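Thanks for coming. I will go through one structure today, starting with a charged residue and moving on to the nonpolar parts. Please have a look at it first.

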Amino acid sequence: MRKDWIFSFHLFHLMLLLPFVLLLAYGEEGFCSLHTDGEDCQSLPLYWKVTNPTLSPSHLQDLPGFTRSVYKRDHALITPESHVFSPLPDWTNTLAAYLITPVMGSHFAMFLAKMEETSKSALPPKDVERFLFVVQGSAILSNGSGTSHRLLVDSYAYLPPNFDHSLECHSAATLVVIERRYLNLESHMPEPIVGSTNMQPLLETPGEVFELRKLLPTSASYDFNIHIMDFQPGEFLNVKEVHYNQHGLLLLEGQGIYRLGDSWYPVQAGDAIWMAPFVPQWYAALGKNPSRYLLYKDVNRNPL
């Protein structure tokens with residue numbers, strides 16, 4: 001009984017401390033600074049902060065070399081002020097910033113693709129599957145048979161390995177792209193998928209308070225899934241997760257605190273996170289606005 005009381009006491013004081021940690025790290029304005037024309041965060045387009053992030057707290061903007069990005073053996077936090085965009089090989093009029101790659105220790109890659117007017121994608125390498133998610137603008141996805149889909153903000157597509165397709169833009173667009181080498185499973189073959197987040201049902205989350213949508217089927221044909229997770233301010237994960245699955249995360253909206261290993265990181269929309277297998281992880285949403293993040297998770301395969 002005494003141990004439970006001590007744990008509750010420390011947790012209560014930790015939650016009291018978190019807002020002050022954010023205040024010290026990010027200044028009085030917090031993460032959601034006003035738009036230049038006076039608009040507040042509620043009136044901006046969906047995922048506006050991903051492509052127009054707060055690059056650094058106001059009191060540190062003149063500090064040379066400042067970045068919130070961190071890379072460690074079992075996790076990484078990649079923040080917008082440290083993005084490096086360069087031409088994406090074989091794509092036309094497209095710049096990319098790689099956020100997660102296998103040199104970190106991951107078995108997948110995640111990058112932001114900024115497509116300009118008259119831009120076009122290239123195919124991924126042989127046996128590599130691809131997932132696309134639009135955070136700004138729109139793009140036209142076509143397959144080898146001539147069928148096309150217009151992908152708007154919050155739309156996505158899954159393209160199986162060796163599937164003939166192309167993505168074209170007639171005006172600027174920004175996409176999150178995830179690629180990995182497909183792990184074959186006998187008698188199973190994934191199908192291409194096109195959808196949008198708001199068309200996916202909310203799923204049960206026993207013991208948790210967040211809202212969950214899965215963008216891909218849960219069948220064995222798919223070796224990863226993409227989760228969209230929504231938190232109201234003050235909500236947090238009840239489970240302190242430690243598991244064999246890898247994660248790639250992009251915070252789409254809101255702000256909060258992410259625990260990775262023994263470190264606690266203030267995070268905001270536009271931040272990307274890589275989580276290696278078995279790194280302790282936990283999230284709490286803070287601030288005045290809801291949080292939403294896109295989460296990659298490998299599934300349906302034996303870890304051996």
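Arg130 counts as buried, at 3% relative accessibility; buried means under 20% relative accessible area, exposed over 50%, and partly exposed in between, with a 1.4 Å probe and protein chains only. This is a predicted model, where local features need pLDDT of at least 70, side-chain atom pairs count only at pLDDT 80 or more, and totals for chains, interfaces and linings use all residues. Residues are numbered from 1 along each chain as its sequence is written, and side-chain values use heavy atoms, with hydrogens and water left out.

What does Arg130 pair with? Its salt-bridge partner is Glu179, with 2.7 Å between the closest N and O atoms. By salt bridge I mean a side-chain nitrogen of Lys or Arg within 4 Å of a carboxyl oxygen of Asp or Glu. Glu179 sits in strand β11 (residues 173–181) and Arg130 in strand β6 (residues 128–136), so the pair ties together parts 49 residues apart in sequence. Strands are DSSP runs of E, at least two residues, numbered from the N terminus. Glu179 counts as buried too, at 13% relative accessibility.

Next, Arg180, which is in strand β11. Arg180 forms a salt bridge with Asp223, the closest N and O atoms being 3.6 Å apart. Asp223 is in the loop between β13 (211–214) and β14 (224–231), 43 residues away from Arg180. Both Arg180 and Asp223 are buried.

Now a pair with other surroundings. Asp262 and Arg259 form a salt bridge at 3.8 Å between the closest N and O atoms. Asp262 is exposed, at 73% relative accessible area, while Arg259 is partly exposed, at 23%.

How many salt bridges are there in the whole structure? The search finds 10. Asp154, Arg213, Asp230 and Arg292 are linked in a network of them.

On to the nonpolar side. The largest nonpolar core has 32 residues, and Phe131, Phe133 and Leu252 touch the most other members. A nonpolar core is a set of buried Ala, Val, Leu, Ile, Met, Phe, Trp, Tyr and Cys residues joined through side-chain atoms within 4.5 Å. Apart from that core lies another, of 21 residues, including Leu77 and Trp282.

Last, Tyr244. Tyr244 is in the loop between β14 and β15 (247–253) and is partly exposed, at 34% relative accessible area.

Notes: Helix = DSSP H or I, 4+ residues; strand = E, 2+ residues; numbered from the N terminus.
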